[in-house]
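Here is a short tour of one protein model, written for someone new to reading structures. Have the picture open while you read.

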Amino acid sequence: MNNFIKKIRRYEKMTHIMSIAHLTVQSNDEKKFLNDISFCINKNEVTGIFGPSGSGKSTLLKTLVGLSEANFLIDGQVSYYFDNEDVKKLNTIIDKDGISLISPKLSYIPQNAYQAFDPIEKIGKQFEETFLENQIDSTVGKERIKDLFFKMDLSTEALTKYPFQLSGGMLQRCIIALCLSLNPECVIADEPTSALDSINKKKVIDLFLTYKKEVGKTLILSTHDISVMDSLCDYVIVLDDGKKIEETKTCDIDNNDQSYIGKVRKIKEKIGKPFWRLKNG
């Protein structure tokens with residue numbers, strides 16, 4: 001039996017970067033934000049967390065990186081399988097001072113980029129401090145940022161600005177560049193394209209695809225935009241009211257009325273048709 005368990009664990013470490021088992025998150029008054037959620041994250045794939053606003057997407061992603069609210073009660077198990085390391089559990093990834101013990105193996109892109117930056121310090125200075133904290137050579141880090149900024153059509157002049165001097169879309173691209181420059185094994189991104197226009201959204205999607213295909217990394221992202229999910233995700237977990245209601249491979253031609261994703265696609269198609277009729281006369 002022990003040998004069998006060891007084989008299972010070796011298999012998990014080879015194929016998965018993370019596994020979530022019976023995860024429940026609730027407040028002190030027993031209001032549940034996540035209810036008995038289980039799934040695995042495969043290495044070198046993009047997993048989408050899909051669902052309407054208030055479904056628990058952000059709570060799930062914050063929990064996975066150890067950033068859930070201090071008064072939340074967490075039950076269940078989250079295991080991390082990073083290369084050449086022992087399996088880590090959720091309750092061991094943050095030390096007593098609130099410092100992540102798995103950075104930069106795991107990077108987090110928040111939904112509100114403005115809250116991720118110190119408002120009274122220039123962007124470039126904050127990047128340098130992050131490189132120092134994660135033991136990344138400053139010259140190497142700056143070269144990575146320059147390349148990532150170029151790919152997202154963002155001027156390096158942004159590094160000389162304070163956060164309040166940049167638009168929401170520019171800040172979002174800054175935090176995406178910073179997280180990718182740390183070269184993590186897995187990026188967890190909460191609605192990473194929500195603040196971007198269609199052109200910059202396409203550039204970020206292309207950048208994430210390159211990150212997966214050419215660099216061979218893993219991405220977990222939340223979205224309620226089905227076009228982003230279809231363009232980027234290999235696999236999707238659907239949440240609604242804190243529960244997992246669907247889990248499937250992504251297929252953009254699936255219009256199955258019995259599935260949540262199929263229904264969303266049909267609604268999108270139905271809404272879009274009148275606009276095309278108006279445009280074409």
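## Ground rules

This is a predicted model, so local features need pLDDT of at least 70 and side-chain atom pairs count only at pLDDT 80 or more, while totals for chains, interfaces and linings use all residues. Residues are numbered from 1 along each chain as its sequence is written, and side-chain values use heavy atoms, with hydrogens and water left out.

## The whole chain

The protein chain has eight helices and ten strands. Both are DSSP runs numbered from the N terminus: helices are H or I with at least four residues, strands are E with at least two.

How much of the chain is buried? Of the 281 residues, 42% are buried. Here, buried means under 20% relative accessible area, exposed means over 50%, and partly exposed is in between (1.4 Å probe, protein chains only). The chain exposes about 15400 Å², and carbon and sulfur atoms supply 50% of that. Those areas come from the Shrake-Rupley method with a 1.4 Å probe, and for residues only the protein chains shown count as cover.

Now for contacts, meaning heavy atoms within 4.5 Å. Take the contacts between residues at least 6 apart in sequence: 67% of them join residues at least 24 apart.

## Strands side by side

Strands β1 (residues 16–26) and β4 (residues 73–80) run antiparallel and are joined by seven bridges. Two strands pair if DSSP finds at least two bridges between them.

## A closer look at Ser181

Where does Ser181 sit? You'll find it in helix α5 (residues 168–181). Ser181 counts as buried, at 0% relative accessibility. Leaving out residues up to four places away in sequence, Ser181 touches Phe131, Ile136, Arg144, Ile145 and Leu148.

The side chain of Ser181 also reaches the backbone oxygen of Leu178 at 2.6 Å. As for Ser107, it is 74 residues from Ser181 along the chain, and their C-alpha atoms are separated by 9.9 Å.

## What about disulfides?

A disulfide is a covalent bond between the sulfur atoms of two cysteines. The rule used here asks for a pair of cysteine sulfur atoms within 2.5 Å, and by that rule the count is zero. Cys174 is buried at 0% relative accessible area, and Cys233 is buried at 7%.

Notes: A polar contact is a pair of N or O atoms within 3.5 Å; within protein, one must be able to donate a hydrogen and the other to accept it, and residues adjacent in sequence count only if both atoms are side-chain atoms.
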